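Look at the charged side chains in the model below. The paragraphs that follow go through the salt bridges between them.

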Amino acid sequence: MLGVLDGFAIIGVVVGIGYTVERSGVLGKGAGWQLNRFAFFVALPALMFTTLAGTDLHVIFSGRLPVAAISFAAMAGLYALVAGLILRRGVARVTVGAVGAGLLNANNMGLPVATYIFGDPAQVAPILLFQLIFATPLCLAVLDVVSRGQVRLRTIATQPLRNPLILGSAAGIIVNLLGLPVPDVVHEPLRLLGGAGIPLILVAFGMSLRGSRPLAVPGQRTETLLAVGLKVAMMPVAAYLLGRFAFHLAPHDLFAATVLGGLPTAQNLFNFASRYDQQISLARDIVLLSTLASVPALLVISALMA
């Protein structure tokens, strides 16, 4: 339990530094966005490559993968039923909320949590790969249809191939499977770059919290709280039940699946909504409130299971 608290304390301090940096204005306007882009396109792919090239692939292709997929589908489906059938919301609004109820922040929070609490960033790999390969293209497809009235299959089909995290992860898995040696002149620069990824995304996330005001748009409170409740409270319960009774995960893997199931909504949801100009305020509120609620929720989960 003390190790879990230490892990969250480390994450919280770095996020707080990011918030302070943004408030002071020392890096200038848009610096957080640039740090996040560098982490996403350079540092995190290097981290995933070096991690997956040397990890036990059983961690990735185990019961953790279907646990992640089924728990996402359950939360998104439950939200869609309530928002669509009871609240009578439109397709775009239901889609944004449903994805917000199940899409984990596997990058900005998942990797730091897996690193500092479980000591292994590969623990988040099953969730990350499922979301990047299946959940994200599905979300983009629906929003593309709503915003443009047509499906651009080429854009949707090639989206995973244009994602640097997928490319870095795939390269690491291939090297691992084939047993290919990685020369030090290649491995060490990638290791150094990968080591910068987690601090950068935590600082950038802290910077993004500056000036955010949740629930400022009338009429979205019920949907926002529904999505946040499903994401933070119900999804870890679903992950625990699936992991223990359906897929019989080992205790360490069950602990990891449950804790990671309580991660907040991915910030990518806000990017998707902004890209297609659909329900931007709803996406922003879900991401922000789920992030604030996830810290005490994860502490409770850790206290019960550690």
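Arg93 and Glu223 are joined by a salt bridge, with N and O 2.7 Å apart; the term means that a side-chain nitrogen of Lys or Arg lies within 4 Å of a carboxyl oxygen of Asp or Glu. Arg93 belongs to helix H4 and Glu223 to helix H10, so this pair ties together parts that are 130 residues apart in sequence. Helices here are DSSP runs (H or I, at least four residues), numbered from the N terminus. This is a predicted model, in which local features need pLDDT of at least 70 and side-chain atom pairs count only at pLDDT 80 or more, while totals for chains, interfaces and linings use all residues. Residues are numbered from 1 along each chain as its sequence is written, and side-chain values use heavy atoms, leaving out hydrogens and water.

Glu223 also forms a salt bridge with Arg89, where the closest N and O atoms are 3.2 Å apart. Arg89 lies in the loop between helix H3 (64-86) and helix H4 (91-102), and Glu223 in helix H10 (residues 221-246), so the two tie together parts that are 134 residues apart in sequence.

Glu223 is buried at 0%, and Arg93 is buried at 19%. Arg89, at 28%, is partly exposed.

Another salt bridge links Glu188 and Arg191, at 2.7 Å from N to O. Both residues lie in helix H9 (residues 184-208), three residues apart, which is about one turn of the helix. Glu188 is partly exposed at 30% relative accessibility, and Arg191 is partly exposed at 42%. Elsewhere, shared partners join the salt bridges of Arg89, Arg93 and Glu223 into one network.

Note on methods: Buried means under 20% relative accessible area, exposed over 50%, partly exposed in between (1.4 Å probe, protein chains only).
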